Protein chains: 2
Amino acid sequence: MNIPQSVRQVIETGPYAHLTTLNPDGAPQVTIVWVGIEGEEFVMGHLALHQKIKNIRRDPRVALSFLGLETNANPMREYVVVHGHARVTEGGAVPLLLRLAPIYLGQGAEFPPPSKRNIAGYITRIVPTRFSGMGPWAERNTR
Amino acid sequence: MNIPQSVRQVIETGPYAHLTTLNPDGAPQVTIVWVGIEGEEFVMGHLALHQKIKNIRRDPRVALSFLGLETNANPMREYVVVHGHARVTEGGAVPLLLRLAPIYLGQGAEFPPPSKRNIAGYITRIVPTRFSGMGPWAERNTR
């Protein structure tokens, strides 16, 4: 499904996103990642073959969650949960991370450092199937 | 296992915590919660019988993740991932939420509103089995 404009606006501010994958025994594995959008996919760059990549290759079901920008009248902080299917492609991690670095670390920031820019790395790509959480993107409040 | 002092210090600042449970089909379910500590357990109050409570009663394996306070030299923001087993007890949600409200909403804030203070509710209690993420609490960096 398409990524709502309201979610795109949150991503543009560089929210720390919690990526949940499933370990071999089915237990949740969580790491915090930088996230961008390419077309209708959420994308994350990795310089090494992390456990989350191995998990996605075995079971593509993931959740990606991050805070929204507003506090509603309840008064509760809005947040986005992306439910989706992930796949991992090889290469391209460095250009993606270099694009995201100023958003997450501040204007002028560079990451990865020059010594690591020859790494091909991996990109996780998430195709969203449902949005929940609290905010205009949430189809229904599944808590 | 015991909750490290470094993690207790983060909780005292009122971090928005991502609670991951497992849906009946094994896919991850994520909501953002307020969290406190009682003894050696992480505690969360709920006013209604949410999906996450049903999930925990079926499969107690959960993850709880939140940002830390520091940015390390990489330079990456620290974060905590609590892996653990959860159980749900009935009653006591209102006193817990009233205690956490000033931490999460600001000094003098009250939640829930008076109209909801007769609700018994539920408390999720997480006994940690492992800490990961990025920071002094992380046994090893499992990414």
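## Contact between chain A and chain B

In this predicted model, chain B superposes on chain A by a rotation of 180° with 0.0 Å of shift along its axis, at an RMSD of 0.0 Å. That is the relation of a two-fold axis. Both copies use the same surface, since 100% of the contact residues of chain B recur in chain A.

The contact draws 33 residues from chain B and 33 residues from chain A. The size of an interface is often given as the accessible area lost when the parts come together. Here chain A and chain B bury about 2,900 Å² between them, and 67% of that area lies on carbon and sulfur atoms. Of the area that chain B buries against chain A, 21% comes from B:Pro28, B:Val30 and B:Arg143, more than from any other three residues.

Between the two chains there are nine residue pairs in polar contact, with both residues at pLDDT 80 or more. The count of salt bridges between chain B and chain A is one. This salt bridge joins the side chains of B:Asp25 and A:Arg61, at 4.0 Å from N to O.

The elements of chain B that give two or more residues to the side touching chain A are listed below.

| Element of chain B | Residues |
|---|---|
| Strand S1 | 17–22 |
| Strand S2 | 28–33 |
| Helix H2 | 51–58 |
| Strand S5 | 61–71 |
| Strand S6 | 77–90 |

S5(B) gives the most to this side of chain B, with six residues. By residue type, the side of chain B that touches chain A divides into 17 nonpolar, eleven polar and five charged residues.

Note on methods: Residues numbered from 1 in each chain as written. Chains lettered and ligands numbered in written order. Predicted model: local features only at pLDDT ≥ 70, side-chain atom pairs only at ≥ 80, totals over all residues. Heavy atoms only, no water. Contact = heavy atoms within 4.5 Å. Buried area = accessible area lost by both parts, 1.4 Å probe. Polar contact = N/O pair within 3.5 Å; in protein donor to acceptor, adjacent residues only side chain to side chain. Helix = DSSP H or I, 4+ residues; strand = E, 2+ residues; numbered from the N terminus. Nonpolar A, V, L, I, M, F, W, Y, C, P; charged D, E, K, R; others polar. Least-squares fit on C-alpha atoms with pLDDT ≥ 70 in both.
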